[in-house]
Amino acid sequence: RRTIIGNLCRDLNELDVRPPVDFVTIEGPVSGGKELTVKTSPNYADHPLVVGSRYQPEDIKMCCGINLGKYTSGVLLMRVNGGYHKLKLICDSNQLRTYQLRGEFGKASDTHTPLSRIVDKATFRHITVAKLERLLGSIQSAYQVQAFKYAGVPLNSQAAFEMAATATVRPAEKSPTLVYNIRCVELNLPYFTLEVSCIHETENYLLQLVHEIGLRLHSCAICNGIRLTRYGLFNTDLALLRKHWTLEYILRNLQDIRPLVSQKLLEPQSPHLVDVNDINQTGCGQPSF
């Protein structure tokens with residue numbers, strides 16, 4: 001945050017800024033009947049060398065939508081000065097978030113990361129893609145039942161059947177962590193990569209998830225990295241790298257994401273999680289079939 005604000009102030013101050021305001025004085029006798037003269041002189045009280053640069057870090061207000069956490073990188077939504085209500089609507093609308101979890105079988109640590117002390121080691125050669133996919137499928141099925149519960153419809157009702165046949169079910173209000181999709185992207189023992197789509201998750205939950213997967217496969221596992229690849233309609237293609245944290249790229253990025261923060265998309269009209277591709281093609285938030 002401090003780096004981006006510093007870069008914005010630097011780039012803005014390199015542009016043409018307003019010159020110092022002149023110091024105006026009115027001179028001449030008041031009672032003599034003579035004309036008064038108006039003179040201007042440099043106003044050193046408004047000079048940048050005295051008061052500092054025109055744009056200061058205090059002039060720019062910036063905050064992020066969610067905190068990624070100590071071990072997480074990836075897409076981070078931020079607002080600059082305006083956009084408070086839009087950012088709040090995005091955070092409160094139960095947007096689906098997709099993570100890539102890079103883990104390693106055969107090790108266990110205090111914090112489930114390689115940055116802490118290794119407390120246990122186990123074998124991992126018996127783990128196969130089929131066993132891992134079977135476990136991930138059971139985890140996803142268990143959370144699908146919870147999704148209907150927090151959507152406010154009974155699981156054996158007609159409404160639940162229609163919602164399941166239409167699209168992914170969105171919870172009606174605040175709910176615990178719900179996993180909508182989890183799959184193995186790569187398995188190269190002892191390393192593996194998972195793709196997890198969920199809502200209302202925390203960094204500790206994702207670390208614990210990797211640890212539990214290792215235990216249920218009769219081994220142990222640590223998480224080497226967490227990367228947020230998608231936040232609702234925002235993905236890594238729209239994200240700015242550190243070298244692009246400048247005024248030019250930030251202004252261009254604001255123009256690119258403007259269609260994604262329209263009022264129609266910020267306030268969902270249905271309890272379903274819409275498909276991003278359908279929105280980009282049709283410009284509306286209809287559920288995908």
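**Salt bridges and cores**

Mentor: Because E248 and R252 are four residues apart in helix 7 (residues 247-257), about one helical turn separates them. The model is a predicted one.

Trainee: How far apart are N and O where the side chains of E248 and R252 meet in a salt bridge?

Mentor: R252 is partly exposed, at a relative accessible area of 42%. The side chains of R252 and E248 form a salt bridge, with an N to O distance of 2.9 Å.

Trainee: How many residues apart in sequence are the parts that the pair D46 and R18 ties together?

Mentor: D46 forms a salt bridge with R18. D46 lies in the loop between strand 2 (37-41) and helix 2 (48-51), and R18 in the loop between helix 1 (2-14) and strand 1 (23-27), so the parts tied together are separated in sequence by 28 residues.

Trainee: Is E104 buried or exposed?

Mentor: E104 meets K107 in a salt bridge of 3.5 Å, N to O. K107 is partly exposed, with a relative accessible area of 30%. The cut-off for burial is under 20%, and E104 has 9% relative accessibility, so E104 counts as buried.

Trainee: Which element gives the most to the largest nonpolar core?

Mentor: The largest nonpolar core has 39 residues, and L101 is one of those with the most contacts inside it. Elements giving two or more residues to this core include strand 6 (97-105), strand 11 (191-199) and helix 6 (203-216). With six residues, the element that gives the most is helix 6.

Terms used:
Residues are numbered from 1 along each chain as its sequence is written. This is a predicted model: local features need pLDDT of at least 70, side-chain atom pairs count only at pLDDT 80 or more; totals for chains, interfaces and linings use all residues. Side-chain values use heavy atoms; hydrogens and water are left out. A nonpolar core is a set of buried Ala, Val, Leu, Ile, Met, Phe, Trp, Tyr and Cys residues joined through side-chain atoms within 4.5 Å. Buried means under 20% relative accessible area, exposed over 50%, partly exposed in between (1.4 Å probe, protein chains only). A salt bridge is a side-chain nitrogen of Lys or Arg within 4 Å of a carboxyl oxygen of Asp or Glu.
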